[in-house]
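Reader: Before we discuss the assignments, could you show the model, so that each term can be set against its definition?

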Amino acid sequence: MELWYSERGIVPGLALSVEVSKVLHEEQTEFQHLAIVDTPLYGRMLWLDNIIMTNIKDEFVYHEMISHVALNTHPNPKKVLVIGGGDGGAIREIIKHPSVEKAVLVEIDRRVVETSKEYLPEIAGALDDPKVEVLYEDGIKYAKEHKNEFDVILVDSTDPIGPAVGLFEGDFYKNCYEALKEDGIFVAQTESPYYNEKLIPKVQKDIRSLYPITKLYLAFIPTYPGGCWSFTMGSKKHDPETVDFSTRPNYPARYYNHGIHKAAFVLPNFVHELINK
Ligand code: SAM
């Protein structure tokens with residue numbers, strides 16, 4: 001008998017369905033419903049609260065693009081904070097960068113990390129690297145308690161529901177600004193421009209009120225609604241569009257390259273309209 005999992009509800013009126021060959025693990029954690037399934041099309045997948053988080057086939061796009069754009073914009077990133085991101089994909093990318101000395105992951109749900117290590121070692125394997133510190137706490141609280149400490153902060157959050165709601169709010173953004181050093185860079189995943197006509201302009205306004213350089217960039221991710229995904233960057237000093245790539249390191253990546261870095265900031269007109277609303 002065929003088994004299909006459907007992501008429904010996050011975008012009203014839209015369902016994204018994928019055939020499942022095997023359910024490997026399901027549990028209700030303290031924070032959310034967690035499932036690991038095997039699929040013929042995307043390989044192994046992690047779902048949280050019936051929403052697709054990551055999968056073996058296309059995870060590289062999201063994890064490279066949330067990490068390398070900021071890490072290559074900053075001339076010498078040494079200390080990096082990831083809020084959320086318990087699957088470990090962003091951390092795997094961050095520690096490829098030769099200047100990074102320490103990466104801190106603050107994930108609210110310990111079970112996401114433990115389950116990812118068990119079932120998705122290709123994504124989570126770097127979480128045991130000696131440069132990486134994993135903390136199980138609320139990223140909202142953590143950001144408030146740290147000042148002038150990080151070169152780069154990445155918010156690899158779930159969609160703005162449940163414990164992640166506060167990760168899309170002005171107070172949290174202000175605390176991240178203060179947790180960054182004087183030339184620090186902030187990046188948050190900010191959902192699909194097709195379906196988030198309210199969220200994206202709000203985040204732009206919040207980030208613009210803090211950072212002299214605020215930009216949105218795009219990447220193409222088949223398993224996220226709309227396929228076209230946005231990231232919002234706030235930078236205190238370094239402009240992502242004027243990077244001298246001759247001074248930046250080379251390391252293996254499957255989506256990110258210097259051409260993609262530049263092209264990601266070229267936006268369709270409807271996205272320009274959205275961020276200037
Ligand atoms: N790339 C994914 C996407 O866009 O679908 C998101 C990755 S998922 C691993 C995001 C993680 O953020 C989840 O594991 C969730 O537990 C965590 N998270 C949600 N709210 C959080 C909070 N307030 N503090 C820390 N982590 C949080």
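Predicted model: local features only at pLDDT ≥ 70, side-chain atom pairs only at ≥ 80, totals over all residues.

Author: In strand 10, I153 is the bridge partner of L81. Residues are numbered from 1 along each chain as its sequence is written.

Reader: What makes strand 7 and strand 10 a pair?

Author: Two strands pair if DSSP finds at least two bridges between them, and strand 7 (residues 79–84) and strand 10 are joined in the parallel sense over 5 bridges. Strands here are DSSP runs of E with at least two residues, and helices are runs of H or I with at least four, both numbered from the N terminus.

Reader: Why is D156 called buried?

Author: A residue is buried if 20 or more other C-beta atoms, placed from the backbone, lie within 10 Å of its own, exposed if 12 or fewer, and partly exposed in between; D156 has 27 such neighbours inside 10 Å and therefore counts as buried. D156 is found in strand 10 (residues 150–156), and the UniProt annotation "active site", from an unreviewed entry, covers D156, although such annotations may be inferred rather than shown by experiment.

Reader: How do you know that the buried residues of helix 7 line one face?

Author: In helix 7 (residues 199–208), I200, V203, Q204, D206 and I207 are buried. Seen down the helix axis, the directions from that axis to their C-beta atoms fall within an arc of 165 degrees, so these residues line one face of helix 7.
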